[in-house]
Amino acid sequence: NSQRDQSNGLGELSSFKTLDGSFTLKSNNFKESFHSKFGAKKEANQKFIAPAELNRFNNKKEFFVLDVCFGLGYNTACLIEALEKNTTLLNWWGLEIDKRPLNIALENSVFVSNCSEKAIRILKALNKNGTWNERHSKGMILWGDARQTINEVPCNGSFDLIMLDAFSPKKCPQLWSQEFIKALISKLAENGRLI
């Protein structure tokens with residue numbers, strides 16, 4: 001299964017199922033998949049959610065998160081699931097160049113069945129409106145090149161967690177440059193983590 005669109009940086013996208021039963025995409029332009037073949041959801045939990053040590057933020061009134069290279073939405077879906085019982089206000093921002101991965105994810109029954117109802121509701125709101133606002137969480141996604149949209153994100157020095165999930169440095173060096181990493185670090189709170 002593939003979708004063609006050469007007008008943006010990702011190019012043609014093809015989907016495949018990973019070993020944990022979740023699915024992911026591969027970008028023709030980057031010649032790299034969004035996740036490892038071992039599992040998209042497993043990767044999100046192991047590479048981003050576990051190292052974030054979310055329990056460190058249990059006593060915070062507001063928890064600020066920036067998801068860079070949002071893609072299909074796995075990292076944010078796993079974050080929402082991990083915070084389901086938490087009453088801390090989640091203030092979320094996302095950056096993504098292409099709307100197609102989220103569209104494809106929300107049309108995929110495997111993706112939808114692998115995420116909580118709350119996560120899917122929020123991802124659908126992001127897909128439709130670019131924002132969500134619920135009792136204990138709110139968020140906004142900025143569509144476009146992250147090197148430009150990072151400048152539209154407020155909250156300098158406020159983010160407790162920044163998840164950078166770009167393609168590998170070899171395939172996408174522009175999002176691993178000193179300049180871009182420095183821009184991300186300027187958004188971090190004092191004890192924040194860039195993962």
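Close-up 1. Asn 28 is partly exposed, with a relative accessible area of 38%, where buried means under 20% relative accessible area, exposed over 50% and partly exposed in between, computed with a 1.4 Å probe on protein chains only. The view is taken from a predicted model, in which local features need pLDDT of at least 70 and side-chain atom pairs count only at pLDDT 80 or more, while totals for chains, interfaces and linings use all residues. Residues are numbered from 1 along each chain as its sequence is written, and side-chain values use heavy atoms, with hydrogens and water left out. Asn 28 sits in the loop between strand E3 (23-27) and E4, helices (H or I, at least four residues) and strands (E, at least two) being DSSP runs numbered from the N terminus. When residues up to four places away in sequence are not counted, Asn 28 touches Leu 10 and Glu 12, a contact meaning heavy atoms within 4.5 Å. The C-alpha atoms of Asn 28 and Ser 14 are 7.8 Å apart in space, and the two residues are 14 residues apart in sequence.

**Close-up 2. The largest pocket and its lining.** The largest pocket has a volume of about 520 Å³ and is lined by 33 residues, of which Cys 69, Asp 165, Ala 166, Phe 167 and Leu 175 lie nearest its centre. The elements that each give two or more residues to this lining are strand E4 (32-33), helix H1 (40-52), helix H2 (74-82), strand E6 (89-96) and helix H6 (146-149), and the largest share, three residues, comes from H1. On a 1 Å grid over the protein atoms alone, a pocket is an open set of points where a 1.4 Å probe fits, with protein on both sides within 12 Å along at least five of seven lines, and lining residues have an atom within 4 Å of a point. Grid points are joined across faces, edges and corners, and the volume is the space filled by probe spheres set on the points. Divided by class, the lining has 17 nonpolar, nine polar and seven charged residues; Ala, Val, Leu, Ile, Met, Phe, Trp, Tyr, Cys and Pro count as nonpolar, Asp, Glu, Lys and Arg as charged, and the others, Gly among them, as polar.

**Close-up 3. Aromatic pairs.** A search of the whole structure finds eight aromatic pairs, a pair being two rings of Phe, Tyr or Trp (its six-membered ring) with centres within 6.5 Å, counted as stacked when the planes are under 30 degrees apart, as edge-to-face when over 60 and as tilted for the rest. One of them joins Phe 70 and Trp 92, whose ring centres are 5.7 Å apart and whose planes stand at 75°, so the pair is edge-to-face. This pair links distant parts of the chain, with Phe 70 in the loop between strand E5 (62-68) and H2 and Trp 92 in strand E6, 22 residues apart. Phe 70 is buried at a relative accessible area of 3%, and Trp 92 is likewise buried at 1%. The rings of Tyr 74 and Phe 111 also form an edge-to-face pair, because their planes are at 75°, with the centres 4.9 Å apart. Tyr 74 lies in helix H2 and Phe 111 in helix H4 (residues 109-113), so this pair ties together parts that are 37 residues apart in sequence. Tyr 74 is buried with a relative accessible area of 2%, and Phe 111 is buried at 0%. Ring pairs link Phe 23, Tyr 74 and Phe 111 into a cluster.

**Close-up 4. Salt bridges.** The count comes to seven salt bridges, each defined as a side-chain nitrogen of Lys or Arg within 4 Å of a carboxyl oxygen of Asp or Glu. Within helix H1, Lys 47 and Glu 43 lie four residues apart, about one turn of the helix, and their side chains meet in a salt bridge at 3.4 Å, N to O. Lys 47 is partly exposed at 43%, whereas Glu 43 counts as buried at 11% relative accessibility. Glu 53 and Arg 193 form a salt bridge at 2.6 Å, N to O, which links Glu 53 in the loop between H1 and E5 to Arg 193 in strand E10 (residues 188-194), 140 residues apart. Both ends are partly exposed, Glu 53 with a relative accessible area of 38% and Arg 193 with 25%.
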